[in-house]
Amino acid sequence: MPKRKRIGILTSGGDCGGLNAVTRAVVRRARDYDMEVFGIKDATVGLMARPVEAELLDVKRVSGILRYGGTILGTVNKGNPFAFPMPDGSLADRSAEVIEGYHRLGLDALIGVGGDGSLAILRKLALQGNWNFVGVPKTIDNDVGATEYSVGFNTALSVAVEALDQLTYTAISHSRVMVMEVMGRDAGHIAISAGIAGGAHVILIPEIPYTLENVCKKIIDRKERGNNFSIVVVAEAVKTESGAPITYTNSLGQCLYGGIGQYIGNEIALRTGIETRVMILGHLQRGGTPSPLDRLLGAAFGVAAVDLIARGQFDCMVAWQNRRVVAVPLAEAVAQYRGVEVDGALVATAIGLNTYVGELDPHRFPSPLP
Ligand SMILES: Nc1ncnc2c1ncn2[C@@H]1O[C@H](COP(=O)(O)OP(=O)(O)OP(=O)(O)O)[C@@H](O)[C@H]1O
Ligand SMILES: O=P(O)(O)OC[C@H]1O[C@](O)(CO)[C@@H](O)[C@@H]1O
Ligand SMILES: [Mg+2]
């Protein structure tokens with residue numbers, strides 16, 4: 001009897017809604033091809049461990065998990081195997097151990113569910129180690145190239161909009177400005193989408209420069225027109241007006257985003273005299289019940305990823321384009337960082353709503369229409 005094909009699946013980078021929907025779909029689809037599936041624990045960390053940390057997944061094991069937040073497989077967003085932090089503080093190239101982990105497990109192919117950072121690392125490992133690799137894009141940041149949507153973005157967006165709705169009530173009751181800082185790493189996708197859907201009056205994203213003068217002018221104009229409150233959404237990677245990034249280093253020496261909301265809030269209060277409060281939405285955006293759309297996307301991507309393996313199509317990523325799942329070369333997906341399109345429909349929509357989104361050509365009259 002021919003040996004059953006053995007495939008692995010791992011999730012890497014920050015967790016997000018919909019990861020378990022991918023895992024479940026992979027296991028269910030693999031059954032159709034009589035492939036066995038190993039779930040690798042904590043991404044490259046599981047492949048580096050000896051014995052390799054992985055569990056055989058069957059349909060029963062993944063039953064019901066599409067409702068759960070997080071990932072049953074565990075994940076990492078630190079410890080790049082090409083520059084792995086060692087106990088003595090040095091960085092070591094441990095890629096060979098990770099590569100060997102794939103072969104020790106006897107895999108015929110691997111599905112890596114990751115964001116831009118993870119997919120770039122996994123592709124490098126795959127090329128170096130002769131892995132048969134298929135990528136699935138996931139990240140709340142929605143910044144993976146070549147796909148309109150990544151798994152997890154929609155859940156984060158729902159959380160952010162719900163938060164904005166709640167902040168609006170308290171802003172109105174107290175006649176305040178509320179500033180909400182959202183995640184997104186170096187892109188403003190969560191901010192622009194949540195800002196529009198949550199009715200924000202100012203949306204600041206890293207892709208568009210702004211002036212504090214015009215942020216405050218918008219808020220004062222609203223007050224003069226009888227609006228006692230304003231809502232500001234700011235993406236974590238927005239810089240100060242003079243272009244300085246705001247990050248902090250925690251006690252483990254990790255450099256993280258966080259704090260631009262406070263900077264913007266302080267400046268608004270100082271310049272307008274209006275009481276202002278700031279909220280950092282933080283990791284709430286990553287968790288919680290996956291939205292229906294992320295479950296759908298995760299399911300479609302999981303099924304398609306196994307189909308690609310069955311067809312022997314590797315070094316590619318499943319992507320959502322024009323209402324379909326397609327396979328794109330992984331090189332293409334990781335080559336282009338996908339920020340918010342300054343000339344795109346969402347920025348045009350925000351401008352059409354008279355939202356301040358930064359300093360764009362005042363003579364342009366953009367429309368969401370092409
Ligand atoms: N073992 C690992 N596997 C993959 N990426 C890792 C690993 N360890 C550390 N990283 C780092 O994590 C970063 C992942 O970047 P990032 O946090 O953007 O994650 P991602 O995969 O893009 O997903 P997300 O953006 O949703 O967290 C990479 O830049 C890489 O340096
Ligand atoms: O979980 P950590 O390490 O704090 O990472 C936070 C980062 O991860 C993300 O949630 C996903 O990339 C970013 O939006 C955020 O900057
Ligand atoms: Mg990323």
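This is a predicted model: local features need pLDDT of at least 70, side-chain atom pairs count only at pLDDT 80 or more; totals for chains, interfaces and linings use all residues.
Around ligand 1 there are 19 residues, and those that come nearest are Thr44, Lys78, Asp116, Ser118 and Arg185; a residue is near a molecule if one of its heavy atoms lies within 4 Å of it. Residues are numbered from 1 along each chain as its sequence is written, chains are lettered from A and ligands numbered from 1 in the order in which they are written, and side-chain values use heavy atoms, with hydrogens and water left out.

Let me turn to the polar contacts of ligand 1, a polar contact being a pair of N or O atoms within 3.5 Å. An oxygen atom of the ligand lies 2.6 Å from a polar side-chain atom of Asp116. For Lys138 the corresponding distance is 2.8 Å, and for an N or O atom in the side chain of Thr139 it is 2.7 Å. Of the 600 Å² of accessible area that ligand 1 has on its own, the protein covers 85%; such areas come from the Shrake-Rupley method with a 1.4 Å probe.

Which helix gives the most to the shell around ligand 1? That is helix H4, residues 116-129, with four residues; helices here are DSSP runs of H or I with at least four residues, and strands are runs of E with at least two, numbered from the N terminus. By class, this shell has three nonpolar, eleven polar and five charged residues. In that scheme Asp, Glu, Lys and Arg count as charged, Ala, Val, Leu, Ile, Met, Phe, Trp, Tyr, Cys and Pro as nonpolar, and the others, Gly among them, as polar.

I come now to ligand 2. Its surrounding residues include Asn77, Lys78, Asp141, Arg185, Glu236 and Arg286. Oxygen atoms of ligand 2 lie 3.1 Å from an N or O atom in the side chain of Lys78, 2.6 Å from one in Glu236, and 2.8 Å from a polar side-chain atom of Arg286. Taken alone, ligand 2 exposes 400 Å², and the protein buries 87% of that. Its shell divides into two nonpolar, three polar and five charged residues.

Finally, two points of the backbone. Most residues other than glycine have a negative phi, and most peptide bonds are trans. The peptide bond from Arg50 to Pro51, however, is cis, with omega near -5°, and Pro51 lies in the loop between helix H2 (44-48) and strand E3 (54-57). Ser175, which is not a glycine, has a positive phi of about 55°; its place is in the loop between helix H5 (153-174) and strand E8 (177-182).

Conventions:
A polar contact is a pair of N or O atoms within 3.5 Å; within protein, one must be able to donate a hydrogen and the other to accept it, and residues adjacent in sequence count only if both atoms are side-chain atoms.
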